[in-house]
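The following paragraphs lead the reader through one protein chain, from its overall fold to a group of its side chains.

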Amino acid sequence: VQLQASGGGLVQAGGSLRLSCTASERIFSVNVMGWYRQAPGKARELVAVIIAGDSTKYADSVKGRFTISRDLAKNTIDLQMNSLKPEDTAVYYCNVNWDPRYGTTRNSWGQGTQVTVSS
C-alpha cells in the first residue's frame, strides 16, 4: 500500500490548512491510521490518529485545533488544522498500520508534506 500526502504549504499564524492522505488501495483490518510530524532537529511525533474501533487520539498540543477524519470510500485520511501556530511547523507524514492477514502486520508511511507557519 502506498500513501500519497498533500495539502501542505505556507500559512500565517492563526490560519488553517487541510492535509489529505490517499491510499493506493482499500485497506482492511486497520490497527491505526493517522498523522505524525517531524520538526527540524526533533523526533517524529504523533499528531492525530484513528484507532481500530474509530476512537481518536490527539497530541495535547493540537487538541481543540486539529481534527482527523477518514473517508473509506475514497481511501483518504484528512487532517484539518485550524488556529495554526509557528510551533506547528514541521514535515507531516501520514501512516497506516494494518494486518493484511492473520499474524502479519504492515506499516506504511507517506512521503511527507511540509507545513510552515509564519508568525
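Along the sequence, the chain follows the pattern β-β-β-β-β-β-β-β-β-β-β, with zero helices and 11 strands; helices (H or I, at least four residues) and strands (E, at least two) are DSSP runs, numbered from the N terminus. The model is predicted: local features need pLDDT of at least 70, side-chain atom pairs count only at pLDDT 80 or more, and totals for chains, interfaces and linings use all residues. Residues are numbered from 1 along each chain as its sequence is written, and side-chain values use heavy atoms, with hydrogens and water left out.

The C-alpha trace spans about 50 × 25 × 25 Å along its principal axes. Of the 119 residues in the chain, 40% are buried, where buried means under 20% relative accessible area, exposed over 50%, and partly exposed in between (1.4 Å probe, protein chains only).

The structure holds two aromatic pairs. Rings of Phe, Tyr and Trp (its six-membered ring) pair if their centres lie within 6.5 Å; planes under 30 degrees apart count as stacked, over 60 as edge-to-face and the rest as tilted. Tyrosine 36 and tryptophan 109 form an edge-to-face pair, 5.1 Å centre to centre with 65° between the planes. Because tyrosine 36 lies in strand 4 (residues 30-38) and tryptophan 109 in strand 10 (residues 104-109), this pair ties together parts that are 73 residues apart in sequence. Tyrosine 36 is buried at 17% relative accessibility, whereas tryptophan 109 is partly exposed at 35%.

Tryptophan 109 also forms an edge-to-face pair with tyrosine 93, at 6.4 Å and 90°. Tyrosine 93, in strand 9 (residues 90-101), is buried, with a relative accessible area of 15%.
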